[in-house]
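Subject: Handing over the structure

Dear colleague,

I am passing this structure on to you, together with some notes on what was found in it. Please have it open while you read, and take the notes in order.

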Amino acid sequence: QVQLVESGGGLVQAGGSLRLSCVASGRTFFTYVMAWFRQAPGKEREFVASISRGGRSTVYADSVKGHFTISRDNAKNTVYLQTNSLKPEDTALYYCAAKYSSSISWSGDRPDYWGQGTQVTVSS
């Protein structure tokens, strides 16, 4: 069983940046494809970004492409989401997710593990 703990959320002005972190328990972090999802008030949870097990490949939602960067440090059991040029529409609860897979695609996939989420609020 893997536990995921997110941190780094907060209140930021439009145009600002936040670095979200997700720390996983255990010694098999490198076997998991990791991703970030988010859920804004009144909306369904949506995919944000995904990263391969070794961190060599990434996939981004069109809405965050060029502004967000996902990365991982397997030695620290941590995946990051660098959020730049934040906009009010980026306001959401951001969730870390993990799946035991070799594919970075999340189409039709359910994560094996979810974190509790970290809140990102962007003011105008």
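This is a predicted model: local features need pLDDT of at least 70, side-chain atom pairs count only at pLDDT 80 or more; totals for chains, interfaces and linings use all residues.

The structure holds 1 disulfide, a term used here for a pair of cysteine sulfur atoms within 2.5 Å. In general terms, a disulfide is a covalent bond between the sulfur atoms of two cysteines. Here the two partners are Cys-22 and Cys-96, whose sulfur atoms are 2.1 Å apart.

Residues are numbered from 1 along each chain as its sequence is written, and side-chain values use heavy atoms, with hydrogens and water left out.

Next come the aromatic rings. The structure holds 7 aromatic pairs; rings of Phe, Tyr and Trp (its six-membered ring) pair if their centres lie within 6.5 Å, and planes under 30 degrees apart count as stacked, over 60 as edge-to-face and the rest as tilted. One of these pairs is formed by Tyr-32 and Tyr-113, which are edge-to-face, with 6.0 Å from centre to centre and 70 degrees between the planes. Because Tyr-32 lies in strand β4 (residues 32–39) and Tyr-113 in strand β10 (residues 113–114), this pair ties together parts that are 81 residues apart in sequence. Tyr-32 counts as buried, at 10% relative accessibility, whereas Tyr-113, at 22%, counts as partly exposed.

Tyr-95 and Trp-114 form another edge-to-face pair, with 6.0 Å from centre to centre and 80 degrees between the planes. Tyr-95 belongs to strand β9 and Trp-114 to strand β10, so the pair ties together parts that are 19 residues apart in sequence. Tyr-95 is buried, with a relative accessible area of 10%, while Trp-114 is partly exposed, with a relative accessible area of 34%. Both rings also belong to a cluster in which ring pairs link Phe-37, Phe-47, Tyr-95, Trp-106 and Trp-114.

Where do charged side chains sit over rings? Arg-19 lies over the face of Tyr-80, at 3.9 Å from the ring centre, and the charged end of Lys-99 sits over the ring of Trp-106, 4.7 Å from its centre. The criterion is that NZ of Lys or CZ of Arg is within 6 Å of the ring centre and within 35 degrees of the ring normal.

Turning to the strands, you will find an open sheet of 4 strands in the order β1-β3-β8-β7, with antiparallel pairing; two strands pair if DSSP finds at least two bridges between them. β1 (4–7) and β7 (68–73) stand at the edges with a single partner strand each, so one side of each is left without a neighbour in the sheet. β7 pairs with strand β8 (residues 78–83) in the antiparallel sense over 6 bridges, and within this pairing Arg-72 has Val-79 as its bridge partner, while Asp-73 has Thr-78. The hairpin of β7 and β8 has 4 residues between the strands, and in it Asn-77 takes a positive phi near 55 degrees.

Strand β11 (residues 118–123) has two pairings to look at. Strand β2 (residues 10–13) runs parallel to β11 and is joined to it by 4 bridges, with Gln-13 opposite Ser-123. Strand β9 (residues 92–100) pairs with β11 in the antiparallel sense over 3 bridges, and there Leu-93 stands opposite Gln-119.

Finally, Phe-30 is found in the loop between β3 and β4. Leaving aside its neighbours within four places in sequence, Phe-30 is in contact (heavy atoms within 4.5 Å) with Arg-53, Arg-72 and Asn-74.

Methods
Buried means under 20% relative accessible area, exposed over 50%, partly exposed in between (1.4 Å probe, protein chains only).
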